[in-house]
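Trainee: I am new to this structure. Please take one part and go through it closely.

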Amino acid sequence: VLAIFRRKKTAGPQRADWIVCGLGNPGEKYEMTRHNVGFCAVDLLAEKLGMGRLKQTKCKAVFGLGKIGGQDVLLMKPQTYMNLSGESVREMMSAYSVPPEHLLVIFDDAVLPAGRIRIRKSGSAGTHNGMRNIVYLLENDQFPRIKVGLGKPDREHGEDMVDFVLGPMDSATYAAVRAVPDAVCDLLEKGIDHAMQEYNQFQAE
């Protein structure tokens with residue numbers, strides 16, 4: 001009994017080697033929308049890793065812990081709604097002692113053609129409000145990210161950006177989302193340069 005007590009008393013803080021964060025909005029009505037490609041990609045990654053559905057809650061997110069290439073990886077989906085994603089990400093990074101360079105964010109990009117994937121080592125948030133909030137609260141944009149292309153709304157037929165990103169994913173976008181788990185594993189196992197070479201020319205059929 002004393003040995004068990006001592007182990008509990010001396011247990012260190014929880015740590016992870018990486019955080020993989022998919023951006024999206026919580027709730028059934030948003031599940032398969034274009035704006036939720038990040039959530040969808042993380043769910044598929046959890047399935048690939050044999051983790052099942054992410055059910056644990058902490059730091060305003062649902063999350064789970066798994067392994068990729070021998071590294072401890074925390075998968076998370078912030079539940080703050082898109083525009084406040086940074087609150088959840090910042091808290092989780094602090095709780096698990098993860099530096100910015102080991103935060104990988106997956107999100108949608110309406111500038112990138114539908115069905116494309118773009119991996120970047122760092123950079124500005126662009127027009128994405130979830131990424132803007134993360135960069136603003138971390139005061140840092142030096143972290144890798146995977147963008148999933150959505151294409152552009154049909155302006156000629158009166159479709160605006162909000163309606164477009166909150167509309168259902170098309171087949172090309174979903175095909176790109178399905179490729180993201182392999183891209184994440186490639187990045188963590190072989191490095192970001194290798195992943196960029198392998199996936200930045202990806203185009204869903």
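Which backbone nitrogen does a side-chain oxygen of aspartate 170 reach at the start of α6?

Mentor: This is a predicted model, where local features need pLDDT of at least 70, side-chain atom pairs count only at pLDDT 80 or more, and totals for chains, interfaces and linings use all residues. Residues are numbered from 1 along each chain as its sequence is written, and side-chain values use heavy atoms, with hydrogens and water left out.

The oxygen of aspartate 170 comes within 3.2 Å of the backbone nitrogen of alanine 172. Helix α6 covers residues 171-190; helices here are DSSP runs of H or I, at least four residues, numbered from the N terminus. Its 20 residues should span 28 Å at 1.5 Å a residue, and the end C-alpha atoms lie 29 Å apart, which agrees. The expected span is 1.5 Å times one less than the number of residues.

Along the way, α6 has a kink of about 30° at valine 180, shortly before proline 181. That bend is the angle between axes fitted to the seven residues ending there and the seven starting there. Just after the helix, glycine 191 has a positive phi of about 100°.

The largest nonpolar core holds 35 residues, and Ile119, Ile146 and Val184 have the most contacts inside it. α6 gives the most to this core, nine residues. Such a core is a set of buried (under 20% relative accessible area, 1.4 Å probe, protein chains only) Ala, Val, Leu, Ile, Met, Phe, Trp, Tyr and Cys residues joined through side-chain atoms within 4.5 Å. Beyond its neighbours within four places in sequence, isoleucine 146 is in contact (heavy atoms within 4.5 Å) with residues including Val180, Ala183 and Val184.

Terms used
Helix = DSSP H or I, 4+ residues; strand = E, 2+ residues; numbered from the N terminus. Polar contact = N/O pair within 3.5 Å; in protein donor to acceptor, adjacent residues only side chain to side chain. Buried < 20%, exposed > 50% of the residue type's maximum accessible area, 1.4 Å probe, protein only.
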